[in-house]
Amino acid sequence: MESTPAPPLLTPHKMGQFDLSHRVVLAPLTRQRSYGNVPQPHARVYYAQRATKGGLLIAEATGVSDTAQGYKDAPGVWTEEQVDAWKPVVDAVHAKGALFFCQIWHAGRVSNYKLQPNGQAPISSTDKQVSPQMSADGRLEEFAPPRSLAKDEIPNVVDDFRKAARNAIAAGFDGVEIHGAYSYIIDQFLKDSANDRTDEYGGSLDNRCRFALEVVDAVVGEVGGHRVGIRLSPFTDYMDCHDSDPQALALHLVNKLNDYGILYCHMIEPRMAHVDGRR
């Protein structure tokens, strides 16, 4: 009797230097259980329960600096305490035989004064404020007016991503996923609804992609392209962050990414779309 072939999702996959036993990946899911931005012991249980031999897990969005926070009790990876707290979580995942990537993230203007150091304004590509948004539990969320980064400040944010990638590897993660999607700071530079800059970081596709590619270049230079993925959502319209020509933006950016030898591109489709292509 012939054996039934395994469903495609359960077949092995060679991902760069990594051997995956199946193609079901744990997406980065915001938990907001890292009190004081420090991962807690219960995270070991949470991630280990979802780990399988040869599987891939991507950690929840993890802040690259004290200005990166957009949600209360989201984890970070910019301090020694945070790195040390991640180590047993990563060890628990590895003990199950799984791979673990850390998603490194900066919320940009999707934040408020309470989450920022010294109650300062969130930083962004722009000084345009996100309009109030209805949360999943029916609450109206409000966001602080952001401060547009000066050109000479941008390299500091790029370096925060680089150091966060280094710290993630020090914590034992197998790689990092740069969060360039869903309206957060990289997306704010990419999309023309949120990027109204007139310097070399705004206007043309080359300019609007500049910050994202500088982050990729810095992270690849620190940990190697074989350990780096990126998450993008060119077609989403979320938190007042959308683009007038998302297809052109997506094609331009992914073609540029080919130059950096990264491991993968995690592309997010819009949650809803009309048949005629309108969001």
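This is a predicted model: local features need pLDDT of at least 70, side-chain atom pairs count only at pLDDT 80 or more; totals for chains, interfaces and linings use all residues.
The largest nonpolar core comprises 54 residues. Within this core, the residues with the most contacts are Tyr47, Ile104, Phe161, Ile178, Phe211 and Val219. The greatest contribution comes from helix α5 (residues 205-223), which supplies ten residues. Apart from this core lies another, of 13 residues, whose members include Tyr71, Val110, Tyr184 and Ile268. In general terms, nonpolar side chains tend to be buried together in soluble globular proteins.

Tyr47 also belongs to the buried residues of helix α1 (residues 42-49), which are Ala43, Tyr46, Tyr47 and Ala48. For Tyr47 itself, when neighbours within four places in sequence are left aside, the contacts are with Leu26, Leu57, Ala59, Glu60, Trp86, Val89, Val93 and Phe100.

The axes of the two helices lie 8 Å apart and form an angle of about 25°. Because angles under 35 degrees count as roughly parallel, α1 and α2 are assigned to that class. The crossing of α1 past α2 is right-handed. On the α1 side, the contact is made by Ala43, Arg44, Tyr47 and Ala48, which meet Trp86, Pro88, Val89, Ala92 and Val93 of α2. By class, this contact contains eight nonpolar residues, one charged residue and no polar residues.

Backbone geometry was considered next. Most residues other than glycine have a negative phi. Ser183, although not a glycine, has a positive phi of about 80°. Ser183 is situated in the loop that joins β11 (175-180) to α4 (185-190). With a relative accessible area of 1%, Ser183 falls under the 20% limit and is therefore classed as buried. Met239 likewise is a residue other than glycine with a positive phi, here near 55°. The position of Met239 is in the loop between β12 (228-232) and α6 (246-257). The relative accessible area of Met239 is 4%, so Met239 too is buried.

How values were computed: Residues are numbered from 1 along each chain as its sequence is written. Side-chain values use heavy atoms; hydrogens and water are left out. A nonpolar core is a set of buried Ala, Val, Leu, Ile, Met, Phe, Trp, Tyr and Cys residues joined through side-chain atoms within 4.5 Å. Buried means under 20% relative accessible area, exposed over 50%, partly exposed in between (1.4 Å probe, protein chains only). Helices (H or I, at least four residues) and strands (E, at least two) are DSSP runs, numbered from the N terminus. Contact means heavy atoms within 4.5 Å. Axes are lines fitted to C-alpha atoms, for helices over the stretch in contact, and angles run from 0 to 180 degrees between N-to-C directions. Angles under 35 degrees count as roughly parallel, over 145 as roughly antiparallel, 65 to 115 as roughly perpendicular and the rest as oblique. A crossing is left-handed if the near helix is turned anticlockwise from the far one by less than a right angle, and right-handed if clockwise. Ala, Val, Leu, Ile, Met, Phe, Trp, Tyr, Cys and Pro count as nonpolar, Asp, Glu, Lys and Arg as charged, and the others, Gly among them, as polar.
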